[in-house]
Amino acid sequence: MPFETISVVGLGYIGLPTAAVFASRKKKVIGVDVNQRAVDTINRGEIHIVEPDLDMVVHAAVTEGYLRATTKAEPADAFLIAVPTPFKGDHEPDLSYIESASKAIAPVLKKGDLVILESTSPVGATEQMAAWLAEARPDLSFPQTHGEDSDIRVAHCPERVLPGHVLRELVQNDRVIGGMTVKCSEAAVKLYKTFVEGECVITNARTAEMCKLTENSFRDVNIAFANELSIICDKLDINVWELIRLANRHPRVNILQPGPGVGGHCIAVDPWFIVSKTPEQARLIRTARIVNDSKPKWIIQKVKCAIADFLQENPSKTVNEIIIACYGLTFKPDIDDLRESPSLRIAEDIVSMHEGAVLLVEPNILELPKHMISNSLVTLDIAIKEANIHVLLVDHREFKCASLMRGASIRIVDSRGIWLK
Ligand code: SAJ
């Protein structure tokens, strides 16, 4: 059966680009979100998130009549659920958004529909979603009880796109398609082939769930290795950036880059979904999370040492005369996303611990988060000119070109290795 109408539930960083790309292929797309403001913004042909080129694609989709947003689910042939899956206080996955989305679409489901869970999820979440749907619609049959004969097809197809490159990666990346049955997978492949140019590789739902978690845990463990190396090298008085460059000349070594910690809403979260299911077994994955989460504290220690060094070298100065500049607040370079940003956390800690002025430089945002409003967002030039201690937190392209005068009059804490490489 062809998919004439597609509903995307959750119009955030993944759902909105996905909805827009389907619409750009001339599919009728109904976007559903609980946030009325986001819905209104999209219906005006505008966007409420930042992602290169997304504004143009959404604008075209809305003005040409292929994309419409609403707060209430409507009938469709396929439903894609792309809602957040955060964790609760003790790192236990919080599936409440998936539960709400399931309950929202259940009343409009009809025989032959396909439901796809795209949200990154712990193993078993797709089966849980199917159970919620079945509970709400006892008149329809589902794969967990009726196998290939079910009225509704259910699959997990995790998103794997890199923020900042979402529109390209949505189309070009391979997709892992984990149906609850083979027919479920085949239906999902047919849907994604509307726009996916990469390969659609079929597996089962549990493997697809674990595959996404594995990809992000792999990256987390590798970043933790780099972060641990940076702390070891600091102790041994070795330049870690040079060390990594040298080690990476080996044909089978490819070490990632140390930084101020791991941010964003994926890599710092997803490994916990594995740990929470298998706490006894996931020892390395848990340790990597702890190593990466402890890096901001280590950077703060380095800033405290820089203050002490500066005072020793400049005995006429007092602490409250020292100006500290923090360069970069986002969770990674050349984006405007502050979510789960270790750099933002470090800057906040410096602001609250330092008695003197703290200058914040973030070329990708126009204003600071509300709780930091009293502190000054300044230009790169001003910070370079005025600060005594320069704390490099994000390797934005603007900072890579900047040159700092070295000497006793300043100290540099470079978490990214672009000024002290
Ligand atoms: N980071 C380092 N050193 C590095 C690489 C990254 O410290 O060498 C830090 C970044 O600064 C950032 C964090 O890691 O704080 C995460 O950034 P990222 O670019 O590695 O990944 P995300 O979170 O933007 O996107 C990831 C991607 N996953 C993988 O590369 C395995 C993306 O493909 C996923 O779709 C996305 O998570 C997601 O939504 O799960």
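I started with glutamate 99, which counts as partly exposed at 25% relative accessibility (buried is under 20% relative accessible area, exposed is over 50%, and partly exposed is in between, using a 1.4 Å probe and protein chains only). Before going on, I noted that this is a predicted model, where local features need pLDDT of at least 70 and side-chain atom pairs count only at pLDDT 80 or more, while totals for chains, interfaces and linings use all residues. I also noted that residues are numbered from 1 along each chain as its sequence is written, and that side-chain values use heavy atoms, with hydrogens and water left out.

**Entry 1: salt bridges**

I looked up the partner of glutamate 99 and found lysine 103, with the two side chains meeting in a salt bridge at 2.7 Å, N to O. Helices here are DSSP runs of H or I with at least four residues, strands are runs of E with at least two, and the numbering goes from the N terminus. Lysine 103 is partly exposed too, at 43% relative accessibility.

How many salt bridges does the rule count? I got 20.

Next I picked arginine 397, which forms a salt bridge with aspartate 334, with the closest N and O atoms 4.0 Å apart. This pair links distant parts of the chain, 63 residues apart: arginine 397 is in helix 15 (residues 397–401), and aspartate 334 is in the loop between strand 9 and helix 13. Arginine 397 is exposed, at 52% relative accessible area, whereas aspartate 334 is partly exposed, at 30%.

Then I checked aspartate 395 and arginine 416, another salt bridge, with 3.8 Å between the closest N and O atoms. Here, too, distant parts of the chain are linked, 21 residues apart: aspartate 395 sits in the loop between strand 12 (389–392) and helix 15, and arginine 416 in the segment after strand 13 (411–414). Aspartate 395 is buried, with a relative accessible area of 16%, and arginine 416 counts as buried at 16%. I also jotted down a network in which salt bridges with shared partners join Asp77, Lys110 and Asp113.

**Entry 2: helix 1 and what follows**

Is helix 1 enclosed or open? Helix 1 (residues 15–24) has 9 of its 10 residues buried, so I wrote it down as largely enclosed by the rest of the structure. The buried ones include Leu16, Val21 and Phe22.

Lysine 26 lies in the loop between helix 1 and strand 2 (28–32), and it counts as exposed at 54% relative accessibility. Glutamate 340 is another non-glycine with a positive phi, about 50°. I found glutamate 340 in the loop between strand 9 (324–327) and helix 13 (342–353).

I put serine 141 in the loop between helix 5 (125–136) and helix 6 (143–146). Serine 141 is buried at 9% relative accessible area. Its side chain reaches the backbone nitrogen of aspartate 151 at 2.9 Å.

Alanine 73 is in the loop between strand 3 (67–70) and strand 4 (78–81), and it is buried at 12% relative accessible area. Leaving out residues up to four places away in sequence, I listed its contacts (heavy atoms within 4.5 Å) as Val32, Ala104, Ile105 and Val108.

Beyond its neighbours within four places in sequence, aspartate 220 is in contact with residues including Arg289 and Asn292.

**Entry 3: the two domains**

Last, I looked at the division into domain 1 (5–198) and domain 2 (217–414), with bounds from an automatic or database domain assignment. Their centres, taken over C-alpha atoms, are 35 Å apart. The contact takes 14 residues from domain 1 and 11 residues from domain 2. What does the rule find for salt bridges across this interface? It finds 0 between domain 1 and domain 2.

Methods:
Polar contact = N/O pair within 3.5 Å; in protein donor to acceptor, adjacent residues only side chain to side chain.
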